[in-house]
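Work through each task before reading its solution.

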Amino acid sequence: RVQLVESGGDSVQAGGSLRLSCAASAGVYTFSCMGWFRQTPTLEREAVAGIDIEDIESYANSVKGRFTISKGDEGNERGTLYLQMNNLAPEDSGMYYCAATREACTMRIGIEDLRADYWGRGTQVTVNS
């Protein structure tokens with residue numbers, strides 16, 4: 001059974017940084033794509049960052065240049081997906097979900113191709129102005 005467990009959400013001031021982590025019981029290298037989605041009370045869940053099995057990354061326009069997705073590649077970190085978030089703004093607030101799929105998926109075209117069949121329970125990010 002695949003389990004994805006997020007951590008790292010917090011309340012920060014605008015301009016600050018956070019790093020989210022997603023521990024994947026099956027290891028991050030067993031999925032064709034993994035990514036992070038964000039949901040707020042007023043908006044639908046949106047994909048913000050994705051990475052495929054070739055380590056091709058893709059981002060929503062709203063976070064490009066500020067967010068970086070990566071996979072842990074050493075020792076115990078090989079089971080972890082990260083989202084480094086810099087220069088945070090209030091509109092970045094929301095519940096962040098880690099997601100993954102083993103179906104055909106590539107990030108070569110764009111974040112709109114990110115698929116998700118497995119989900120974590122989310123971690124809350126609040127950015128105060």
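Rings of Phe, Tyr and Trp (its six-membered ring) pair if their centres lie within 6.5 Å, with planes under 30 degrees apart counted as stacked, over 60 as edge-to-face and the rest as tilted. The model is predicted, so that local features need pLDDT of at least 70 and side-chain atom pairs count only at pLDDT 80 or more, while totals for chains, interfaces and linings use all residues. Residues are numbered from 1 along each chain as its sequence is written, and side-chain values use heavy atoms, with hydrogens and water left out.

**Exercise 1.** Determine what geometry the pair of Tyr-97 and Trp-119 has.

Solution. The structure holds 3 aromatic pairs. In the pair of Tyr-97 and Trp-119 the ring centres are 6.4 Å apart and the planes stand at 85 degrees, so the pair is edge-to-face. Next, ring pairs join Phe-37, Tyr-97 and Trp-119 into a cluster.

Burial follows (buried is under 20% relative accessible area, exposed over 50%, partly exposed in between, with a 1.4 Å probe and protein chains only). Tyr-97 counts as buried because its relative accessibility is 13%, whereas Trp-119, at 36%, counts as partly exposed.

**Exercise 2.** Identify which residues Tyr-29 touches, not counting residues up to four places away in sequence.

Solution. With contact meaning heavy atoms within 4.5 Å, Tyr-29 touches Ile-53, Lys-71, Gly-72, Asp-73 and Arg-78. For Lys-71, which is 42 residues from Tyr-29 along the chain, the C-alpha atoms of the two residues are separated by 8.4 Å. Finally, Tyr-29 counts as partly exposed, because its relative accessibility is 29%.
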